[in-house]
Amino acid sequence: MDDAKTFIGKGAVLEGLADHPAVKAILGWNADALADAKYEFGELTLTIAPEEIAATATTMQAAGYNFFEDMTAVDWFPASPRFQLSYHLVSHAFKERIRLRVLLQGEDPAVESITSVWAGSDYYEREVFDLFGIRFEGHPNLRRIMLPEDWQGHPLRKDYPVEGYR
Amino acid sequence: MSNPAGMPVLEPAEGAKDQHMVINMGPQHPATHGVLRLVVEIDGEIVVRVYPEIGYLHTGIEKTCEAKFYHQVVPLTDRINYLDPLANNLCYALAVEKLLTLEIPPKAQWMRVLLAELSRLNSHLIWLGTHAMDIGALTVFLYTFREREDILRLFEAVAGQRMMTSYIRIGGLAMEPPLDFLARVQGFIRTLPEKIDEYSNLLTGNPIFRNRLKGVGHLSAADAIALGVTGPPLRASGVDFDLRRDMPYSSYEKFQFKVPVSNDADCWARYEVRLIEMRESIKIIQQALDGMPEGPVKADAPKVVLPDREKMKTQMEALIHHFKIVTEGFTVPAGEVFQGIECGHGQMGYYIVSDGTAKPYRVHMRYPSFPILQALEKMCKGRMLADVVAVIGSIDIVLGEIDR
């Protein structure tokens, strides 16, 4: 794929990357789940409706994106929607990486866990729960992973100070 | 279930309270390679459950990155996986360069490959020494650390630092390597294959080492993929995937090397895969030495790359750029990138979100040792307690990159 190309917006990506396996998979399954899309720096980002993330993960896994590489969050405080989840999936067959992006509303958001699709997302979801305070429904062991159990607050949120007292 | 100290208590499984015992391993156990705490449930000497407890080394490095300029993050990255320092630098630099769409001169790219491979050798030598020491073969440790010392001297020659090199910077390298550097690397890799034979002579035929590793810590390819296992343990489980070959970066596509794969999926397979990887690294370094291009080691981007000291003292422009970069940093266009590389332990990745200012909005590091702990229970279940030590050695973890 040509890295120099850039497509911003759902329409542009659907038109410019109609042959992309991830784009085809999501259109073949449920086009409504795709809220937005972009192709920048040679990386495809698909923005998924929050309630569809686990089903999308299943679809992507079946479409050849067999390896869950990474998941983390971004806090866009004070903007709304405040939290963004970024899932990075790698395809061993296509030798390519895609990003699924989920935007979450509210101060205390919750989203469906994808541990049933990739058991390896367990620690990543715990980490995001610990450091951002985003809950994952259906997670088998959702507890803090880095910080002590009795810690107050979620340090990677933008309203949490870098130094000094909380 | 939490207790006042904030530590999870693992009770024996229901119905086996009289027979099972829960023991604590770490965080100060020498075989856990750092501050890893394992809560292990055993039935006699058979492992029933393993619960890794991490976070003892958590320093909030991702939060710290958000408060620094882009170029100030480079020294932080060294400290995450301190056994493979240049791979950290490389991954971060590549990610930021992707956002900046910087063109890196060929010599810098080839030097980066050379240094990343030296760094991989460094990481593998420490793995081999400590793994063998855990099993009880103490001698190998002394030999591998002898060779590691040579690598650290090479790092010192280029960066002035043995471990926290920070030599790979955004836009290239910190400075030209010393004139005799390539000759020194050549001298080092000329003798290394013999040294690897020496380790192999000590271990491969050693019946104790063999019996402790063969058939121990089995991890199927499907489990390895499901649990996020990468690097040598993934390839030892029969999955032929290496980012250097399959999603090349920093001109790795111009190098010829084999990616060792084994289908045995046990600790022994991981040992063999890494040993071959070390030999392949030597070949890559040789190719880098033979074809080292001429030219600058920094990109032509005066607003991003610090000028040479010489220029700074003679040219007004260079002095102004230096002052600007050091005091205000440089802005990076808004956007998000993920850059993955293959480091000694597996797939490393930096996810950087920029909001268009001089400080990264969010830096997230994906490190291979973190997800692999999830596979620990799978590998140890139903085996003897002593095998836990062999398995931890074989997956090659560094707690700095787990806790970050």
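Predicted model: local features only at pLDDT ≥ 70, side-chain atom pairs only at ≥ 80, totals over all residues.
Figure 1. Leaving aside residues up to four places away in sequence, B:Leu57 touches B:Gly34, B:Val35, B:Leu399, B:Gly400 and B:Asp403. You'll find B:Leu57 in the loop that runs between strand E3 (46–53) and helix H1 (61–66) of chain B. Now look for B:Asp197, which is 140 residues from B:Leu57 along the chain; their C-alpha atoms are separated by 36 Å.

**Figure 2. Helix H5 of chain B and its two sides.** Start with the length of helix H5 (residues 138–159) of chain B: at 1.5 Å a residue, its 22 residues should span 32 Å, and the end C-alpha atoms are 31 Å apart, which agrees. Which residues of H5(B) are buried? They are B:Val140, B:Thr144, B:Glu147, B:Asp150, B:Leu154, B:Phe155, B:Val158 and B:Ala159. Because these residues cover an arc of only 160 degrees around the axis, they sit on the same side of H5(B). Helix H4 (106–135) and helix H6 (181–203) of chain B are among the parts that cover them. Just after the helix, B:Gly160 takes a positive phi of about 80 degrees.

**Figure 3. The open sheet of chain A.** Six strands line up in the order E1-E2-E3-E6-E5-E4, with mixed pairing. Strand E1 (7–8) and E4 of chain A stand at the edges; each has a single partner strand, so one side of each has no neighbour in the sheet. Further in, E5(A) and E6(A) pair in the antiparallel sense over nine bridges. To spot a facing pair, find A:Tyr87, which stands opposite A:Leu100 in E6(A). H4(A) packs on the sheet, where this helix touches E4 and E5 of chain A, and its direction makes about 5 degrees with that of E4(A).

**Figure 4. Where chain A meets chain B.** The contact takes 30 residues from chain A and 33 residues from chain B. On the chain A side, at least two residues each come from strand E4 (67–75), strand E5 (83–91), strand E6 (96–104) and helix H4 (121–132). Which element gives the largest share of that side? That's E4(A), with six residues. Sorted by kind, the chain A residues that touch chain B divide into 14 nonpolar, six polar and ten charged.

Conventions: Residues numbered from 1 in each chain as written. Chains lettered and ligands numbered in written order. Helix = DSSP H or I, 4+ residues; strand = E, 2+ residues; numbered from the N terminus. Contact = placed C-beta atoms within 7 Å. Nonpolar A, V, L, I, M, F, W, Y, C, P; charged D, E, K, R; others polar. Expected span 1.5 Å × (residues − 1). Buried ≥ 20, exposed ≤ 12 C-beta atoms within 10 Å, placed from the backbone. Arc of directions from axis to C-beta. Pairing = 2+ DSSP bridges. Axes fitted to C-alpha atoms, helices over the stretch in contact; angles between N-to-C directions.
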